[in-house]
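Keep the structure viewer at hand as you read.

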Amino acid sequence: MSHTPQSDSTYHLRYQQQQIFFESGKTREYAFRAAQLKQLRTVIKDHEQEIIAALQADLRKPVFEAFTSEIGLVYDEIAFALSHLKAWMAPEKVKTPAVLFPTTSRILPEPKGTVLIIAPWNYPFMLLFSPLVGAIAAGNTVFLKPSELAPRTSALMEKMVSENFDPAYIHIVTGDGATVVGRLMETIRFDHIFFTGSTPVGKIIAQAAAKTLTPVTLELGGKSPAIVDSEVDIDTAAKHIAWAKYFNAGQSCVSPDYVLVHESQKTRLVERMRHYIHAFFGDNPQQSESYARIINHRRFDVLEKYLHEGNIVAGGQTDREDLYIAPTVIENTGPENKLMQEEIFGPILPVLTWKTQAEALSIVKKNPQPLAFYIFTQNDKTSDEFIQRIPFGGGCINNAMVHLANPHLPFGGVGSSGMGSYHGEESFRTFSHFKSVMKTKNFYDNPLRYPPYNNRKVDLAQWVFD
Ligand code: NAD
């Protein structure tokens, strides 16, 4: 294994090898795909402790969080794919209009070919390997590009992949994103690009992919609101918000970015948030084994500035050396502040109040479509109204962040928070092309469609399409 960047000719060679392998038809076999999914599971099992150690080195990720949100979610995806793969792969027979008699129609799921998966640093393991499950299940060959900003996890994944998978099937490329991805996309005409990361880089990927009309899935970010209604179980709302916000120190794409609380519940919400921050992380969260760190100094400095954009009512302590920012709640901030314009992506929670639903909606609509949306209310009408009126990728009523753990739900954004989705069957569909095929028997050939067209044929056509 080498950590020196690979040259364009290496990329090209790997691509040629992958094309030869793809053309061999091996990846079309159910047995092959199932065996590779099991192999992936075994490789992960064999490296569990190393994965946890790498995530601790990169993010001081708590063992529980590393196990559940990184490793566990990938196991779940593998298990789900293995139990449904045969059904997903089966051609689907569909109806055919009677005028096309005697014809039958089928939809054939086909692998797209060679795909590229690009992952960010915040869940560096899960966000590379979870889409990989879909790419394998759908029968593709794969290039993987982990984030260089989680270097220990990236190096470990490079080792795991290169030692256990043939690069003619799955090849991993590490290094600086702008350079590596740019060169990969110049050299190779991928059949699909699956990108998870920031909205600005998502735009760069979409632009580069447009040159070759390469389809893209973009899993991006945004400002995901949590709205707390007046009719609410405020204690549970505070507990769920605190859990979701401070999980991975707020560095989750579906973390509640800010809270809009009905003014009647504000004091109580802040009091309960303080309570749960203490219950989860103790007197000094910096000493807690259950609390992660900011990924790097660049991100720390961005977050640190947000602390000056309102009144801190919980937390606020920082330690740059240790990349530590306490679980923080901020009030008295407004739309003019960066805190309310940029995706926070850290453990700082602005709390704003509203009196009317219209006011709450207008605050949410100041920013583009969020990836996630959470509404805490006991009133079904209120939740229905917010859910209908706010465009968002996915979300929860009276909970936060857990919607991504259900493989029966497609996961993805809308508008500036992304396009396309994955998880469970949706991952298989994302990495498949659905080929429509009709088969006609020769014993009858409807003469209606052939020239010369006479009035009788026109009448008949009008009758058929009426
Ligand atoms: P990022 O966009 O900076 O990087 C993501 C990946 O793109 C990395 O592998 C990086 O090497 C590569 N990259 C960086 N610059 C590039 C360029 N110019 N050209 C090509 N590739 C480039 O994102 P990040 O900082 O790693 O992650 C944080 C962002 O990701 C947040 O906005 C967050 O909301 C989002 N995110 C979204 C999801 C989701 O599922 N929707 C999940 C996690 C994170």
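Which element gives the largest share of the lining of the second largest pocket? Helix H15 does, with five residues. H15 covers residues 455-465, and strand S18 also supplies at least two residues of that lining. Here helices (H or I, at least four residues) and strands (E, at least two) are DSSP runs, numbered from the N terminus.

Before going further, please note that this is a predicted model, in which local features need pLDDT of at least 70, side-chain atom pairs count only at pLDDT 80 or more, and totals for chains, interfaces and linings use all residues. Residues are numbered from 1 along each chain as its sequence is written, and side-chain values use heavy atoms, with hydrogens and water left out.

Back to the second largest pocket: about 430 Å³ of space lies in it. A pocket is an open set of points on a 1 Å grid over the protein atoms alone, with protein on both sides within 12 Å along at least five of seven lines; a cavity is a set of points where a 1.4 Å probe fits but cannot get out, and lining residues have an atom within 4 Å of a point. Grid points are joined across faces, edges and corners, and a volume is the space filled by probe spheres set on the points. The second largest pocket has 20 lining residues, and those nearest its centre are Val99, Leu100, Asn446, Leu448 and Arg449. Its lining divides into twelve nonpolar, four polar and four charged residues, where Ala, Val, Leu, Ile, Met, Phe, Trp, Tyr, Cys and Pro count as nonpolar, Asp, Glu, Lys and Arg as charged, and the others, Gly among them, as polar.

The largest pocket has a volume of about 1,200 Å³. It is lined by 46 residues, of which Gly197, Ser198, Thr199, Pro200 and Val201 are the closest to its centre. Helix H8 (199-210) contributes to this lining, as do helix H7 (177-187), strand S6 (192-196) and helix H11 (297-306), each with at least two residues. The largest share, seven residues, is that of H8. By class, 22 of the lining residues are nonpolar, 15 polar and nine charged.

Next, a pair of helices. Helix H3 (residues 48-59) packs against helix H6 (residues 151-164) with their axes 7 Å apart and an angle of about 155°. Axes are lines fitted to C-alpha atoms, for helices over the stretch in contact, and angles run from 0 to 180 degrees between N-to-C directions. H3 and H6 are therefore roughly antiparallel, a label for angles over 145 degrees. Contact means heavy atoms within 4.5 Å; the residues making it include Ile51 and Leu55 of H3, and Leu156 and Met160 of H6. This contact has eight nonpolar, one polar and four charged residues.

Finally, the sheets. S1, S2 and S18 form an open antiparallel sheet in the order S1-S2-S18. Two strands pair if DSSP finds at least two bridges between them. Strand S1 (92-94) and strand S18 (432-440) stand at the edges with a single partner strand each, so one side of each has no neighbour in the sheet. Three bridges link S1 to strand S2 (residues 103-111), and glutamate 92 has isoleucine 107 in S2 as its bridge partner.

Another open sheet has seven strands in the order S10-S13-S14-S9-S8-S15-S16, with mixed pairing. Within this sheet, strand S8 (residues 225-228) and strand S15 (residues 372-376) run parallel and are joined by three bridges, with isoleucine 227 opposite isoleucine 375 in S15. Helix H13 (residues 380-389) packs on the sheet, and its direction makes about 165° with that of S15.

Methods:
Angles under 35 degrees count as roughly parallel, over 145 as roughly antiparallel, 65 to 115 as roughly perpendicular and the rest as oblique.
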